[in-house]
Each structure stands twice: as structure tokens, then as C-alpha cells.
Amino acid sequence: MAVPWSGFPLRALVELARPLGSARYLQMTSFQDADMAPGQRQVWYPWPYTEGLTIAEATSELALIATGLYGQPIPRQNGAPLRLAVPWKYGFKSAKSIVRFTFTAERPATFWQTIQSAEYGFWANVNPAVPHPRWSQATERVLGTDERVRTQLFNGYGEFVAQLYQGLEGERLYA
């Protein structure tokens, strides 16, 4: 989904934090307040919501911390105060309402990967040739219409991000 986000490069936050050289991943954690978000009372989910990127992904020129959309401050229902925007990945990787960033040497367990790893892997890069276990991802619907268009590898950002995944052929990069 194309959204006019505004914010700042995630790379700037990484540079400001100056993680240890042993850090290979950045874990983002969303808020947890069941009074504000009653869905968090569902004990079968591993709250709080967590998501992760490699340091290389986090410092990509396309990784953005969104603080606004459509020229306005981002509202809570769209992920305030901070939302990750990684346009080459599937939407569930764009964590909302981030309250903590943690640098770690170990790949973090992510929310959806913990719930259903066969359907939602760590990498979640867009690839129309790799179907979701329950549906095809070869096409997508244009918002506001019934028109379907071919899904593009990395959502069309391959020239900017493909090098991030070189040497990882044994990984499930697209699920």
C-alpha cells in the first residue's frame, strides 16, 4: 500500500544510538496497555508486539520511522508515536506504536513468526513467486478499485535492497 509517510530515516536513530559492534539485529517493541488496547487481553498472543530487522536492513535508505502521514502527525490508530515503514517488505513488518528499540546479537523472535512461523517468517520480503500458504501473492488489488496488478519483487525496490540478502540463499527470505 502506498502511503505518504513523513518521518526520519531509521538509519539516523541507529547512528545516534551507536550500537555495539556485536549487534546484528534491531528489535522494535510496541506499547502494551490492555486498558487502552483491549485486544491485548487476549492471552494467546505474545504481547507486546515485536518486530525485527537486521542492522543492514535498518540502515537501508528506504527504512523510515514514520511520525506522520498525509502531511499530518500520525494518529494513534495508524501507529503513533513511532511506526516503522519498510516498503519492500510485507505490511506486518511495519511495527506500529513503537516504544522501545533494542540492539541484539541474536535474531529476535517476532510477533507473527512466534504465532505462525510457517506463514510469517522473519524476513517477509515481497516476492510474487512465493505464495502464502493460504493465498497467491502474485497479484494485488489496487486500493479503492477492483483492479488487480502484478505484485513486484521487493515491491519494486529490488535495485535498492536486493544486495541486503546476498549470501542468504538458505534462508526463507520471502515468507
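Two strands count as paired if DSSP finds at least two bridges between them. Helices (H or I, at least four residues) and strands (E, at least two) are DSSP runs, numbered from the N terminus. The model is predicted: local features need pLDDT of at least 70, side-chain atom pairs count only at pLDDT 80 or more, and totals for chains, interfaces and linings use all residues. Residues are numbered from 1 along each chain as its sequence is written, and side-chain values use heavy atoms, with hydrogens and water left out.

**Overall fold**
- The protein chain has four helices and nine strands, in the order β-α-β-β-α-β-β-β-β-α-β-β-α from the N terminus.
- Its radius of gyration (over C-alpha atoms) is 16 Å. The globule rule (2.2 Å times the number of residues to the power 0.38) gives close to that value, 16 Å for 175 residues, so the chain is as compact as a globular protein of that length.
- Of the contacts (heavy atoms within 4.5 Å) with a separation of 6 or more, 64% are between residues 24 or more positions apart.
- Buried residues (under 20% relative accessible area, 1.4 Å probe, protein chains only) make up 38% of the 175 residues.

**Strand S4 and its partners**
- S4 (residues 64–69) is largely enclosed by the rest of the structure, because five of its six residues are buried.
- S1 (residues 5–9) runs antiparallel to S4 and is joined to it by five bridges; Gly7 has Ala66 as its bridge partner.
- S6 (residues 83–85) is also antiparallel to S4, with three bridges, and Ile65 stands opposite Leu84.
- S5 (residues 72–73) pairs with S4 in the antiparallel sense over two bridges, Gly68 being partnered by Pro73.
- S4 and S5 form a hairpin with two residues between them, and Tyr70 in the turn has a positive phi of about 50°.

**Helix H1**
- Leu10, Leu13 and Val14 are buried in H1 (residues 10–17). They lie on the same side of H1, because they cover an arc of only 100° around the axis, taken from the directions from the helix axis to the C-beta atoms.
- Glu15 and Leu16 are exposed (over 50% relative accessible area) and sit on the face turned away from the buried side.
- Arg18, which follows H1, has a positive phi near 50°.

- Beyond its neighbours within four places in sequence, Val161 is in contact with Ser60, Leu62, Trp88 and Phe154.
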